[in-house]
Amino acid sequence: MTLTTMTTAMTTAPARPKTDTQRRAGVGQGGVGDSPPRPDSNFKALGEFAYGSDLWMDDMIWGVTLRSPHPYARIRSIDIGPALATAGVSAVLTYEDVPGEKLYGLEVSDQPVLAIDVVRYQGEPVALVAANNPDVARQAAKKIRVDYEVYEPVTDPIEALGHPGWDRTQGTTPPVRELNRERAHLHPEGNLVRHLKIRKGDPMPVADVVVVGEYEVGMQDQAFLGPESGLAVPAEDGGVELYVATQWLHSDQRQMCAALGLPPEKVRLTLAGVGGAFGGREDLSMHIHACLLALHTGKPVKMVYNREESFFGHVHRHPARMRYEHGATRDGTLVHVKATIYLDGGAYASSTEAVVGNAGTMGVGPYVVPNVQLDCFGSYTNNPPCGAMRGFGTVQVAFAYEAQMDQLAVELGMDPVELRCRNAMSEGAQAATGQVVDSAAPVEELLRRVQAMPMPPERSTDDSTDLRDLPGGVSNVTHGEGVVRGVGYAVSYKNVGFSEGFDDYSTARVRLEVVNGEPTVTVHTAAVEVGQGEVTVEQQICRTELGVDRVVVHSKDTMVGSAGSSSASRQTYVTGGAVKAACEKVRDVVLEMTQRQLGHPIANLRLEGGDVVGDGEVSDGEVVDGEVVVATLVDVLGDRVVEETVQWRHRPTQAVDPETGQGFAHVQYAFSAHRAVVDVDVELGLVKVVALDCAQEVGKAINPQAVVGQIQGGSAQGLGLAIMEEIIVKDGVIRNPSFTDYLLPTILDMPPMQIAVLEHADPHAPYGLRGVGEPPTISSGPAVASAIRQAVGKPLPRVPIRPEHITGT
């Protein structure tokens, strides 16, 4: 059997020819701080890169999933006979065919591999079909007869917990609706996934000015372009190999082994090309299903979701309902924040526990608040499962606390930027968890930087206005009449890496040898490349630490130790730290080899430009010559190979106190600020974002061009949530599972961006870096919402903001 893919080489040569002086100094070699070409860029631009959906084997068959049409129902019976009798069908499987554990999960094993007796959300997998053609498999799946007893779904995350809700329009607390308690308990332990309490300072503070607001955030989709896909290949040893687009190879392997009843050495994963992720690939999708079919039939099985199925096949951002109270003195100094936050986790836990942790511990924003009373709940409902998405709990609360800061500024008669700066965190400040921020926290500087950026030109009032510059664009709904401009600011912060005591580490294997007469480094990690540029960063670190131009990135697989997930803005920090540490060990071995070969001491030996360089010979403790090339790496290595494997951890975090939420929860914080300028057609409720400027603290820009790209992309996702992106769920049923009806920002919706990248090194991190991927998604949306509120003079407590919210119709 031959696996066919398109080209996926991950090797780069020097970016351009270099002079001898540049070579000696390591200039232009694509190291740390440079922006070398990505090794996969040409293949992607030319359409030659192998994404998961491109995988192919000549003798493979196709797998499809039968999913529940109901958000909540009991399965009375399943008849697979008609499907199994279909010509071309090789297998039809149900939960009875799962050989190992029937339940799996990223953090909590609560989700059935295939539905057992109850379905808890629309789209839950019920059965699998394998056939020689995808159309045959789909038609056969339609022949499976499932007899359901349909229940009334539990869809309100507050009601699911039996808590009294609130009615924002009436300002009253409605009674709790009576539910069928037997059926309303979606899981044996009830409907509470996690309750996080933050208790800091005085529980009964007194403030001169108090503002209260209730806010809601809709369900956002990751909307990656590459659908869930993979190819499972049965192995001769009774195991299985899976080529899959994912975010966390070893977590996938752990869950798969349990379900398949196989040891890790018999479940081997290799990363296929990933067409975007943003958190939506942290959970399993077709992984176990494809492997079950492959092991059952003895044939390679390919599974690829279409776009509609993708909406049911991965988790989404948690919808949120939040009530905040901010108190301050007359001069604008914050006295207290009180908050109640409900996150709808949907049918299964996924990463809801950790999302609650983030939303709660960072729920007051990057401000100094002496008194905090905050409760954050994660609920089970019959809505689609929710889990990781870029920002991971902090996006929702940022919308609320920044709206509160704007409201407080109005009440105090203060400039909203001045109010934020007055209360801004700085190094040495305490977070709501009592954790001391022990590296740079330039919150005020970020705000001042975006505030000082040039404003876009005023809109022309004559007929020369380009319709594309107006709300509604070329629809020609206005020529400027009824259009009002607004300006809004927001600042936020986000943890980097896994938190609350999670053992966060990565493994790197670095190999140095001579290949075809050239020193060559091979770096092998399981850090998944999801489009963020991880493979480029690994090459840059190897070039910097080992002074070698040619760096090969090994395929990402489970044949090396875990690198953790490509999420939480952590890979450059954690896997970068592992690669750096492994390179240092390789370098130490090479320099020791060199010293032994020379037979006499050389001062300050180091690797540069493919050579071993020193500061001359040492005589009587003094350096007698200047910098010299001691030897080439080719001569030192000969036919020998130097290889080191390192497991690297950042400093440990700790679980927060269950009663107070106090503790060293996060290893690092990253900060960003945005200024949005919008034009709003107040008659039609249409919005045009005119400018979206950003300043972000990154510690050290390992790849400056990639940093700017992350800021631009993250800002686009924040803009999307602010004004258009939402999965519409009614009574547990998704109403818009397509990119026709789920609206996404296009290039015409994204404005020009002025970007300031600040570099205040974090002394605890490799190279002083900070994670950069998530912060721009967090502060961009609240800035856009703030600008719209400023333009129309309405509170607009829900995102995405729709035309009817603006017009009141």
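Which residues do ring pairs link into a cluster? They are W248, F498 and F502.

1. **Ground rules.** This is a predicted model, in which local features need pLDDT of at least 70, side-chain atom pairs count only at pLDDT 80 or more, and totals for chains, interfaces and linings use all residues. Residues are numbered from 1 along each chain as its sequence is written, and side-chain values use heavy atoms, with hydrogens and water left out.

2. **Aromatic pairs.** A search of the whole structure turns up 15 aromatic pairs. Rings of Phe, Tyr and Trp (its six-membered ring) pair if their centres lie within 6.5 Å; planes under 30 degrees apart count as stacked, over 60 as edge-to-face and the rest as tilted. Take F311 and F739: their ring centres are 6.0 Å apart and their planes are at 80°, so this pair is edge-to-face. The two belong to distant parts of the chain, 428 residues apart, with F311 in helix 8 (residues 307-313) and F739 in the loop between strand 34 (733-734) and strand 35 (755-758). Helices (H or I, at least four residues) and strands (E, at least two) are DSSP runs, numbered from the N terminus. F311 is buried at 1% relative accessible area, whereas F739 is partly exposed at 28%. Here buried means under 20% relative accessible area, exposed over 50%, and partly exposed in between (1.4 Å probe, protein chains only).

3. **A stacked pair.** Y342 and F377 have ring centres 5.0 Å apart and planes at 15°, so they are stacked. Y342 sits in strand 19 (residues 334-344) and F377 in strand 20 (residues 371-379), 35 residues apart. Y342 is buried, with a relative accessible area of 5%, and F377 also counts as buried, at 10%.

4. **Charges over rings.** R67 lies over the face of Y305, at 5.0 Å from the ring centre, and K580 lies over the face of Y767, at 5.3 Å. The criterion is that NZ of Lys or CZ of Arg is within 6 Å of the ring centre and within 35 degrees of the ring normal.

5. Look next for 6 strands in the order 12-20-19-18-13-36, with mixed pairing. Its edge strands, each pairing on one side only, are strand 12 (192-200) and strand 36 (798-799). Two strands pair if DSSP finds at least two bridges between them; strand 13 and strand 18 (residues 320-328) are joined by 9 bridges and run antiparallel. E216 stands opposite R321 in strand 18. E214 is found in strand 13 (residues 209-217) and is buried, at 17% relative accessible area. Its side chain makes a polar contact with that of R323 (3.5 Å). Such a contact is a pair of N or O atoms within 3.5 Å; within protein, one must be able to donate a hydrogen and the other to accept it, and residues adjacent in sequence count only if both atoms are side-chain atoms.

6. **Helix 10.** This helix is mostly covered, with 16 of its 19 residues buried. Just after helix 10, G413 takes a positive phi of about 70°.

7. **Cysteines.** How many disulfides does the structure hold? It holds 0, a disulfide being a pair of cysteine sulfur atoms within 2.5 Å. For C386, the nearest cysteine sulfur belongs to C376, 13 Å away; C386 is buried, with a relative accessible area of 0%.
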